[in-house]
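Q: I have a protein model open and would like to go through it step by step. Could we begin with the terms needed to describe a pocket?

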Amino acid sequence: MGLPNISAVVLFVDDLDKCMTFYRDVLSLDFTFNDDVSYGFKLGGTDFVVLKTSAAAEMVTQEAIALTGLGNHRALLCVGVESVDDEYKKLSEKGVKFINAPKDQAWGRRTAYFADPEGNLWELWNNLPS
């Protein structure tokens with residue numbers, strides 16, 4: 001049996017308050033908890049946490065955290081939405097700077113890409129009509 005599902009996503013960030021504001025106020029994620037080193041949200045049925053890099057280094061190891069330097073993207077978080085164009089407009093009006101505007105992809109999805117304040121990459125997507 002394989003792994004059942006991803007139950008949580010934890011992003012390591014340097015500016016905890018700036019990222020909390022982005023995820024709470026700009027992306028409108030449901031806030032669930034906070035402590036001195038993290039803020040938690042719900043993203044659908046998944047726990048989503050922003051954690052100070054210094055706390056992550058204590059939790060894992062400094063060497064492991066060093067592998068994830070800013071600009072050295074190792075993950076892309078993808079969120080299916082009803083309409084990429086509507087979300088693009090709504091988030092742009094809230095100040096989100098998109099890397100790519102909505103575009104139809106050869107693999108059957110319409111996508112748009114942005115980064116959070118720490119450079120973590122996000123994809124919005126919806127299926128194209130058949």
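Predicted model: local features only at pLDDT ≥ 70, side-chain atom pairs only at ≥ 80, totals over all residues.

Q: What is the volume of the second largest pocket, and which lining residues are closest to its centre?
A: The volume of the second largest pocket is about 230 Å³. Of its 14 lining residues, L27, L29, E87, L91 and L124 are the closest to the centre.

Q: Which element gives the largest share of that lining?
A: That is α4, with 3 residues. Both α4 (84–93) and β8 (121–127) supply at least two residues each.

Q: Let us step back. How many helices and strands does the chain have?
A: The chain has 4 helices and 8 strands. Along the sequence they follow the pattern β-α-β-β-β-α-α-β-α-β-β-β.

Q: And how much of the chain is buried?
A: Of its 130 residues, 35% count as buried.

Q: Which residues have the most contacts inside the largest nonpolar core?
A: They are Y23, L27, F41, F48, V50, L91 and F114, in a core of 24 residues. The elements that give two or more residues to this core are β1 (8–13), α1 (16–26), β3 (38–43), β4 (46–52), α4, β7 (109–115) and β8. The largest share, 6 residues, comes from α1. As a general background, nonpolar side chains in soluble globular proteins tend to be buried together.

Q: Which residues of α1 are buried?
A: L16, C19, M20, F22, Y23 and V26 are buried in α1. The buried residues of this helix pack against β1, β3, β4, α4, β7 and β8.

Q: What does Y23 touch?
A: Leaving aside neighbours within four places in sequence, Y23 is in contact with L11, S28, L29, F41, F48, V50, D116 and W122.

Q: S28 is on that list. Where is S28 placed?
A: S28 is in the loop between α1 and β2 (30–34). Its phi is positive, about 60°, although S28 is not a glycine. Most residues other than glycine have a negative phi.

Q: Is S28 buried, exposed or partly exposed, and why?
A: S28 is partly exposed because its relative accessible area is 44%, and partly exposed covers the range between the 20% limit for buried and the 50% limit for exposed.

Q: New topic: where is P102, and what does P102 touch?
A: P102 is in strand β6 (residues 98–104). Not counting residues up to four places away in sequence, P102 touches V84, D85, Y88, R110, T111 and A112.

Q: Why does P102 count as buried?
A: The relative accessible area of P102 is 17%, and buried means under 20%.

Q: Last one: what lies 2.7 Å from a polar atom of the side chain of N126?
A: The backbone nitrogen of V84 does. N126 lies in strand β8 and is buried, with a relative accessible area of 11%. Beyond residues up to four places away in sequence, N126 touches V81, E82, S83, V84, G108, R109 and R110.

Key: Residues numbered from 1 in each chain as written. Heavy atoms only, no water. 1 Å grid on protein atoms, 1.4 Å probe; cavity = no way out; pocket = protein on both sides within 12 Å on 5 of 7 lines; lining within 4 Å. Points joined across faces, edges and corners; volume = space filled by probe spheres on them. Core = buried A, V, L, I, M, F, W, Y, C linked by side-chain atoms within 4.5 Å. Buried < 20%, exposed > 50% of the residue type's maximum accessible area, 1.4 Å probe, protein only. Contact = heavy atoms within 4.5 Å. Polar contact = N/O pair within 3.5 Å; in protein donor to acceptor, adjacent residues only side chain to side chain.
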